[in-house]
Amino acid sequence: MSDTPKSDGLLRLGHAASALAVVALLADGIVQFLVPALARPMLNETGFDTGMTPLLGTLMVGCAVLYAVPKTAVLGAILTTGFLGGAICTHVRLGEIASPPLIISLMLGVLVWGGLWLRDPRLRVLLPISSNA
């Protein structure tokens, strides 16, 4: 398989998916800082101390920034995956299988890695996905 997307459209799709993931992470992180009251009900529901909003916001914004910078995008994707994995695990532990927060976390992970795979030839070499298999 070639190490470039089959079309500029796929490259644009990768950038769009990555941009959407960055915006979602930044928005959630900023909410943690500016309007922690919005996060309070979900934190209480999941058993987290509401005083953790600054830490959670810092983690989310940090992941988004690392992911948005091309040289650190893979590290950002790995850290984002860990963060999202923790969120998914929390909802599974609470018996919230297929809950909106769990689905959103899963879809955000797909956006992060799918967008990166479409826009970064290094990742396509490491993870060659082909419809000709």
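This is a predicted model: local features need pLDDT of at least 70, side-chain atom pairs count only at pLDDT 80 or more; totals for chains, interfaces and linings use all residues.
Residues are numbered from 1 along each chain as its sequence is written, and side-chain values use heavy atoms, with hydrogens and water left out.

**Figure 1. The protein contains 6 helices and 0 strands.** Helices (H or I, at least four residues) and strands (E, at least two) are DSSP runs, numbered from the N terminus. Along the sequence the pattern reads α-α-α-α-α-α. The C-alpha atoms fill a box of roughly 50 × 30 × 20 Å along the principal axes. Of the 133 residues, 31% count as buried, that is, under 20% relative accessible area, with exposed meaning over 50% and partly exposed in between (1.4 Å probe, protein chains only).

**Figure 2. The largest pocket holds about 740 Å³ of space.** A pocket is an open set of points on a 1 Å grid over the protein atoms alone, where a 1.4 Å probe fits, with protein on both sides within 12 Å along at least five of seven lines; lining residues have an atom within 4 Å of a point. The volume is the space filled by probe spheres set on the points, which are joined across faces, edges and corners. Among the 24 lining residues, Asp28, Met42, Met60, Phe83 and Ala87 lie nearest the centre of the pocket. Helix 1 (8–34), helix 2 (36–46), helix 3 (53–68), helix 4 (73–93) and helix 5 (100–119) each supply at least two residues of the lining, and helix 4 gives the largest share, 6 residues. The lining comprises 17 nonpolar, 6 polar and 1 charged residues; Ala, Val, Leu, Ile, Met, Phe, Trp, Tyr, Cys and Pro count as nonpolar, Asp, Glu, Lys and Arg as charged, and the others, Gly among them, as polar.

**Figure 3. Ile30, Phe33, Leu34, Val35 and Leu38 form a nonpolar patch on the surface.** Together these residues have about 490 Å² of accessible area, calculated by the Shrake-Rupley method with a 1.4 Å probe. Patch residues have over 30% relative accessible area and no salt bridge, and nonpolar side chains are joined within 5 Å. Helix 1 contributes the largest share of the patch, 3 residues. Valine 35 lies in the loop between helix 1 and helix 2, and it counts as partly exposed because its relative accessibility is 36%.

**Figure 4. Alanine 27 is found in helix 1.** Alanine 27 has 40% relative accessibility and therefore counts as partly exposed. Its C-alpha atom is separated by 15 Å from that of alanine 37, 10 residues apart along the chain.

Methods:
Patches are made of residues with over 30% relative accessible area and no salt bridge: like charges are joined within 9 Å, nonpolar side chains (Val, Leu, Ile, Met, Phe, Trp, Tyr) within 5 Å. A salt bridge is a side-chain nitrogen of Lys or Arg within 4 Å of a carboxyl oxygen of Asp or Glu.
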